[in-house]
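Hello,

Here is the structure I promised to pass on.

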Amino acid sequence: MKLLTNMFFLFSVLVLSGCAHQISLNPDTEKLQLSENKSISVVGYYISEDDIKKQVKTPGGGGDNVSYKPYKDTEAALYTVLSNKFENVYKLESLTDNTFLQDNKIEYVFIPTITTESSSDSLFTWPPTEFTFTLNCKTLNNNGDIAWNTEVKGFGKAEFDEFKNDFSLSAKRATEEAFNKLVVELEQSKL
């Protein structure tokens, strides 16, 4: 029975191959570490509309590609990490709305930059077996100067027996690792 199930899965992915397959990078936010030293600061984060809509295509297996929206998929993880560390977190629609920044007493603004890579050693299945998620987080103070800057990288790996129930598994593992590293970096910062 297991052999039949695996053959059906293999057939399904072969039929669906030939285009960019949609995956999601969103990690399970319940698995993100909590900050031990909560800050009383109020912060914001800014992701441009172009970045939220940005669709990225990287290699999967069998000569196929995978497609995803890295900023949209991981915005909830960024908000969770910042909310666990700081007293209050706002999403900013603009970096130049000084009235909003002052009215809400926002001390720092986080601006993420995301880069990704994926690959697979499989000739027959398209989900990536390896995924790398790099998050650069630039932080501006209320004068607009860079107050903090860090870069964290997560690596995710998933084999056939694992990802047959979740084609995005290697990507989710990579983002979870990167955001947990961001928690550690924030704990060590003076923000």
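The largest pocket has a volume of about 220 Å³. On a 1 Å grid over the protein atoms alone, a pocket is an open set of points with protein on both sides within 12 Å along at least five of seven lines, while a cavity is a set where a 1.4 Å probe fits but cannot get out. Lining residues have an atom within 4 Å of a point. Grid points are joined across faces, edges and corners, and a volume is the space filled by probe spheres set on the points.

Please keep in mind that this is a predicted model: local features need pLDDT of at least 70, side-chain atom pairs count only at pLDDT 80 or more, and totals for chains, interfaces and linings use all residues. Residues are numbered from 1 along each chain as its sequence is written, and side-chain values use heavy atoms, with hydrogens and water left out.

Back to the pocket. Its lining includes Leu 95, Asn 98, Leu 101, Gln 102 and Ile 106, as well as the run from Leu 140 through Asn 141, Asn 142 and Asn 143 to Gly 144. Helix H4 (98-103) gives the most, with three residues, and strand E7 (130-141) supplies at least two. Helices (H or I, at least four residues) and strands (E, at least two) are DSSP runs numbered from the N terminus. By class, the pocket lining has five nonpolar, six polar and one charged residues; Ala, Val, Leu, Ile, Met, Phe, Trp, Tyr, Cys and Pro count as nonpolar, Asp, Glu, Lys and Arg as charged, and the others, Gly among them, as polar.

As for the overall build, the protein has six helices and eight strands, and its C-alpha atoms fill a box of roughly 60 × 35 × 20 Å along the principal axes.

Finally, confidence: the mean pLDDT (the predictor's confidence in each residue, from 0 to 100) is 91. Over residues 13-17, however, pLDDT stays under 50.

Best wishes

Technical notes: Contact = heavy atoms within 4.5 Å.
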